[in-house]
Amino acid sequence: QLQLAESGGDLVQPGGSLRLSCAASGFTIGDYAITWFRQAPGKDRMSVLCISRSGMTTNYADSVKGRFTISRDNDENTVYLQMDSLRPEDTAVYYCATPPGYYCSPLVRDYDYWGQGTQVTVSS
């Protein structure tokens with residue numbers, strides 16, 4: 001069974017950094033596209049960054065350009081989200097997900113497998 005588990009969320013000050021982890025089990029993460037999403041309270045779940053099978057990355061959120069990076073460690077079967085220069089508006093539950101296909105997509109409906117999420121809070 002395909003399973004994803006996020007970790008690394010925390011309370012941080014504006015300007016701080018966090019690295020989130022998305023650990024895969026039941027499949028080889030390098031054989032799939034993985035996308036990070038985030039969802040603030042009362043708001044829609046929004047795509048942030050995706051990494052493809054080839055390691056190419058796609059950014060879906062202009063507000064995180066130059067601040068967030070996605071990467072993959074195939075030996076650890078884990079995808080990471082490095083978040084720098086954090087802002088209060090980055091506060092959200094962060095999820096990783098994978099679609100059935102072998103491509104990146106920003107659409108929630110394309111994803112069948114989700115982790116439980118990890119809370120990131122950036123306090124002013």
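This report covers the fold, surface and aromatic pairs of one predicted protein model.

Because the model is predicted, local features need pLDDT of at least 70 and side-chain atom pairs count only at pLDDT 80 or more, while totals for chains, interfaces and linings use all residues. Residues are numbered from 1 along each chain as its sequence is written, and side-chain values use heavy atoms, with hydrogens and water left out.

**Fold and overall form**

The protein has eleven strands and zero helices. Helices (H or I, at least four residues) and strands (E, at least two) are DSSP runs, numbered from the N terminus. Along the sequence the pattern reads β-β-β-β-β-β-β-β-β-β-β. The radius of gyration is 13 Å, close to the 14 Å of the globule rule for 124 residues, so the protein is as compact as a globular protein of that length. That radius is taken over C-alpha atoms, and the rule is 2.2 Å times the number of residues to the power 0.38. The C-alpha atoms fill a box of roughly 40 × 30 × 25 Å along the principal axes.

Contacts mean heavy atoms within 4.5 Å. Among contacts between residues at least 6 apart in sequence, 57% join residues at least 24 apart.

**Burial and surface**

Of the 124 residues, 44% are buried. Buried means under 20% relative accessible area, exposed over 50%, partly exposed in between (1.4 Å probe, protein chains only). The protein exposes about 6,400 Å², and carbon and sulfur atoms supply 44% of that area. Accessible areas come from the Shrake-Rupley method with a 1.4 Å probe.

**Aromatic pairs**

The structure holds five aromatic pairs. Rings of Phe, Tyr and Trp (its six-membered ring) pair if their centres lie within 6.5 Å; planes under 30 degrees apart count as stacked, over 60 as edge-to-face and the rest as tilted. Two of the pairs are tabulated here.

| Pair | Centre to centre | Angle between planes | Class |
|---|---|---|---|
| Phe27 and Tyr32 | 5.0 Å | 80° | edge-to-face |
| Phe37 and Tyr111 | 5.0 Å | 85° | edge-to-face |

Phe27 is buried at 8% relative accessibility. Tyr32 is buried too, at 18%.

Phe37 and Tyr111 are both buried. Their pair links distant parts of the chain, 74 residues apart. Phe37 sits in strand β4 (residues 34-39), while Tyr111 lies in the loop between β9 (92-98) and β10 (113-114). Ring pairs also join Phe37 and Tyr111 with Tyr95 and Trp114 in a cluster.
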